[in-house]
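Subject: The structure I promised you

Hi,

Here is the structure I said I would pass on. Have a look at it first, and then read my notes below.

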4 protein chains.
Amino acid sequence: MPKKQKQIALQDLQRLTRRIPFNHLVGIRVVRRHRDGVTLECAVRDDLRNWAGVLHGGVTAAIADVAVGVAITNHFHRKRRATTTELKINYFLPIRDGKIIARSHLIRIGKTLVVGRVDLFDSEKRLAGAALVTYMLL
Amino acid sequence: MPKKQKQIALQDLQRLTRRIPFNHLVGIRVVRRHRDGVTLECAVRDDLRNWAGVLHGGVTAAIADVAVGVAITNHFHRKRRATTTELKINYFLPIRDGKIIARSHLIRIGKTLVVGRVDLFDSEKRLAGAALVTYMLL
Amino acid sequence: MPKKQKQIALQDLQRLTRRIPFNHLVGIRVVRRHRDGVTLECAVRDDLRNWAGVLHGGVTAAIADVAVGVAITNHFHRKRRATTTELKINYFLPIRDGKIIARSHLIRIGKTLVVGRVDLFDSEKRLAGAALVTYMLL
Amino acid sequence: MPKKQKQIALQDLQRLTRRIPFNHLVGIRVVRRHRDGVTLECAVRDDLRNWAGVLHGGVTAAIADVAVGVAITNHFHRKRRATTTELKINYFLPIRDGKIIARSHLIRIGKTLVVGRVDLFDSEKRLAGAALVTYMLL
């Protein structure tokens with residue numbers, strides 16, 4: 001009897017993501033798995049703000065990066081490692097309170113490169129940014 | 001007698017940058033002013049690492065973003081505010097220890113948009129990444 | 001009696017797009033209007049190929065750029081002019097024959113900047129690339 | 001006696017570049033080789049213009065792409081083939097007349113990916129744009 005391909009559980013993704021020191025520092029956590037990606041969230045805290053009192057663009061870039069990394073871990077059932085080769089992000093709206101939500105979609109899974117698109121939302125589900133992130137499989 | 005255009009001092013840039021909560025959290029600090037930009041540094045700390053034990057890509061994106069923001073503050077002698085509209089970063093080398101150094105160059109100062117190029121180095125001055133960052137003047 | 005907001009007809013968009021010299025040279029044409037963007041096509045011709053005999057990346061970048069420009073013309077009923085400030089494109093698959101199809105979505109319409117996302121397909125509707133394009137309203 | 005590593009001649013680069021159909025159509029030509037890249041030029045012709053009568057952004061993206069491709073051919077003495085995986089370009093100034101000049105610098109030569117930075121100038125040597133382009137070695 002063929003063994004069923006073992007999927008990675010949401011809890012495992014959450015644990016793996018939280019165990020990464022910088023994700024833990026910033027408070028990035030996995031909230032959902034999708035067929036083509038994942039949804040992450042990060043609460044706006046005072047120490048994540050910029051001079052204008054809104055979420056720092058570096059946090060938004062970080063969560064976009066992580067959203068594609070976790071989607072790759074999910075897609076390959078944790079069997080492949082990958083590293084970010086480049087990231088492009090557009091910022092649309094300042095995020096003042098609540099949380100930022102990052103929904104990644106893997107749009108290209110090549111032999112060497114994987115590309116993800118990320119939609120970034122504020123607590124009211126308004127599109128606050130968009131990103132394209134490339135990872136190289138190791 | 002015409003008043004001399006007052007430049008912003010390195011100490012002021014350092015104080016302003018450190019006062020930004022997320023910069024403080026990550027440990028981003030200004031080390032030098034240049035005619036066309038600034039040099040920032042950030043020490044690699046354990047809580048800034050990713051799963052591979054190297055500096056998290058989100059930290060690198062954050063310091064690139066900040067390097068252009070501080071260059072704008074420097075250029076306009078603190079008289080204009082600006083917000084990041086988009087950022088593109090390429091990662092070349094993992095940064096394992098020591099520090100990351102970000103040197104920004106303002107390459108386009110328009111009426112509305114300012115674009116900076118950022119070269120990112122590791123402690124051995126090897127090019128570890130490159131970025132293009134656009135800010136909109138407010 | 002209030003005058004109805006006059007939409008721009010598909011034929012007008014097609015005529016305007018074709019009248020742009022470089023679009024005409026490359027053979028970029030509008031095939032559909034959508035609520036949030038447009039669909040363009042460009043047939044693969046021998047003089048649009050690169051050294052490998054596939055569609056040149058410059059053509060793909062051009063059609064992505066135009067797809068957002070035409071979407072803006074459509075959105076503002078031809079009342080606003082805009083100019084590209086930056087463009088990011090990822091290439092997934094070579095396009096050997098048939099045509100390239102570009103579907104743009106305006107994802108951010110600000111007072112100054114408009115951002116479009118573009119999905120690029122080959123004749124078999126495989127995703128051949130993805131782009132993010134920013135225009136500034138004039 | 002060890003055979004001297006044979007460099008590719010400027011004339012060979014020029015011939016190879018011109019032989020690529022789309023480069024020929026647009027009129028992109030190599031004018032100089034440098035230690036870390038090449039300089040290309042393209043004359044502004046009426047059929048390369050956009051609605052505003054200036055050089056079409058697609059031409060600028062194309063010459064940026066080619067400038068890195070030719071730099072790779074030059075660097076590897078024509079021994080390696082490569083394909084564009086992603087391109088990011090910022091536009092600063094419209095180019096109305098004369099020519100566009102693209103100067104590429106290879107800033108990262110990895111085992112799999114090569115990244116080039118491109119500075120784009122108008123005939124008066126004003127910086128008209130900047131690009132980062134990634135190629136994958138085949």
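**What I found**

Strand β3 (residues 82-91) of chain C and strand β3 (residues 82-91) of chain D run antiparallel and are joined by five bridges. Within that pairing, C:N90 sits opposite D:E86 of β3(D). On terms: helices (H or I, at least four residues) and strands (E, at least two) are DSSP runs, numbered from the N terminus, and two strands pair if DSSP finds at least two bridges between them.

Before going further, some housekeeping. This is a predicted model, in which local features need pLDDT of at least 70 and side-chain atom pairs count only at pLDDT 80 or more, while totals for chains, interfaces and linings use all residues. Residues are numbered from 1 along each chain as its sequence is written, and chains are lettered from A and ligands numbered from 1 in the order in which they are written.

**The sheet across C and D**

What order do the twelve strands of the open sheet follow? They go β1(C)-β2(C)-β4(C)-β5(C)-β6(C)-β3(C)-β3(D)-β6(D)-β5(D)-β4(D)-β2(D)-β1(D), with antiparallel pairing. β1 (28-33) of chain C and β1 (28-33) of chain D stand at the edges with a single partner strand each, so one side of each has no neighbour in the sheet. From one strand to the next, the twist averages 25°. Angles here run from 0 to 180 degrees between N-to-C directions, and axes are lines fitted to C-alpha atoms, for helices over the stretch in contact.

Helix α1 (residues 10-19) of chain D packs on this sheet, where it touches β1 and β2 (38-43) of chain D, and its direction makes about 160° with that of β1(D). Contact between two residues is taken to be when their C-beta atoms, placed from the backbone, lie within 7 Å.

Helices meet across C and D too. The axes of α3 (residues 57-75) of chain C and α3 (residues 57-75) of chain D cross at roughly 150° and come within 8 Å. The crossing of α3(C) past α3(D) is right-handed (left-handed is when the near helix is turned anticlockwise from the far one by less than a right angle, right-handed if clockwise). On the α3(C) side the contact uses C:G57, C:G58, C:A61, C:A62 and C:D65, and on the α3(D) side D:G57, D:G58, D:A61, D:A62 and D:D65. Those residues divide into four nonpolar, four polar and two charged.

**A with B, and A with C**

Chain A can be laid on chain B with an RMSD of 0.0 Å, using a turn of 180° and a shift of 0.0 Å along the axis. That is the relation of a two-fold axis. The C-alpha of A:K88 is the one in chain A nearest the axis, at 2.1 Å.

**Inside chain B**

β4(B) (residues 99-109) pairs antiparallel with β5(B) (residues 113-121) over eight bridges, and a hairpin of three residues joins the two. B:L106 stands opposite B:G116 of β5(B).

Best wishes

Technical notes
Copies are superposed by least squares on the C-alpha atoms of residues with pLDDT of at least 70 in both. Ala, Val, Leu, Ile, Met, Phe, Trp, Tyr, Cys and Pro count as nonpolar, Asp, Glu, Lys and Arg as charged, and the others, Gly among them, as polar.
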